[in-house]
Amino acid sequence: MKVAIMQPYFLPYIGYFQLIGAVDLFIVYDNIKYTKKGWINRNRMLVNGVDVMFSLPLKKESDSLQVVQRNLAADFNPEKLLNGWRGAYARAPYFEETFALLERIVRNQEKNLFGFIHSSIVDTCSHLGLGSEIRVSSDIAIDHELKGEDKVIALCEAVGARTYINATGGLDLYSSSRFQSHGIDLRFIQSVQFEYPQFGATFVPWLSIVDTLMFNSLDALRESVAHSFTLI
């Protein structure tokens, strides 16, 4: 079984979904510390040829809390996000079908940050036709006080993983020999830049999947998700 484990991210770039598509089981962390100014509740879109941040506003709570303990702000207005996307992408070739997906995602009544993002990941995977199983880390019976590589290995062993695939950002974090000693093959996914027209402007890479969906057919995207990467 091929397994990947990642933090939850709100409408992340295409590489996140390539990782999901490359495995049999994708485990998404809920019991991991929320990272302030990270990518958990925000990403980038294209506005007049420039990358601009969009985000989910959060209730003011301790920065030491886990993602599953954080909540959306009481004044979160999904229409504000939708209007921003509409203004940026209304002329994009695949606006209508993408906007319908975004409406389903942001009009979710869930107020818990993890629950909201988890639902958005599941919905986007369904839209892309990805059939990988998705599980939540805290539902897997391990010692959840473990950290880093120890926790990853414990999760892999608990679900019977034979291969663990991680983003290349983990190249300096994980030891192939350590994984091998537990009978697990460690691999890394390296995305190939998927370039496409963005209103005729200079291409801005690695934006949110929102941007990629707006400018590409589902057939083209599914092809890219399935093949535009290498495993090292």
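Trainee: Leaving aside neighbours within four places in sequence, what is Thr163 in contact with?
Mentor: Met1, Lys2, Val3, Ile184, Asp185 and Arg187. Contact here means heavy atoms within 4.5 Å. Keep in mind this is a predicted model: local features need pLDDT of at least 70, side-chain atom pairs count only at pLDDT 80 or more, and totals for chains, interfaces and linings use all residues. Residues are numbered from 1 along each chain as its sequence is written, and side-chain values use heavy atoms, with hydrogens and water left out.

Trainee: Where does Thr163 sit, and is it buried or exposed?
Mentor: Thr163 is in strand β6, residues 163-167. Helices (H or I, at least four residues) and strands (E, at least two) are DSSP runs, numbered from the N terminus. Thr163 has a relative accessible area of 15%, so it counts as buried. The cut-offs are under 20% for buried, over 50% for exposed and partly exposed in between, with a 1.4 Å probe and protein chains only.

Trainee: Okay, switching to Thr212. Which residues does it touch?
Mentor: Not counting residues up to four places away in sequence, Thr212 touches Ile14, Phe194, Tyr196, Leu207 and Leu221. Thr212 belongs to helix α7, residues 209-215, and is buried at 4% relative accessible area.

Trainee: Now rings. How many aromatic pairs are there?
Mentor: A search of the whole structure turns up 17. Rings of Phe, Tyr and Trp (its six-membered ring) pair if their centres lie within 6.5 Å; planes under 30 degrees apart are stacked, over 60 edge-to-face, and the rest tilted.

Trainee: Why is the pair of Tyr16 and Phe26 edge-to-face?
Mentor: Their planes are at 70°, so the pair is edge-to-face, with ring centres 5.5 Å apart. Tyr16 is in helix α1 and Phe26 in strand β2, 10 residues apart. Both Tyr16 and Phe26 are buried.

Trainee: And what about Phe199 and Phe215?
Mentor: That pair is edge-to-face too, 4.9 Å centre to centre with 80° between the planes. Phe199 is in the loop between β7 and α7, while Phe215 is in helix α7. Phe199 is partly exposed at 34% relative accessibility, whereas Phe215 is buried at 7%.
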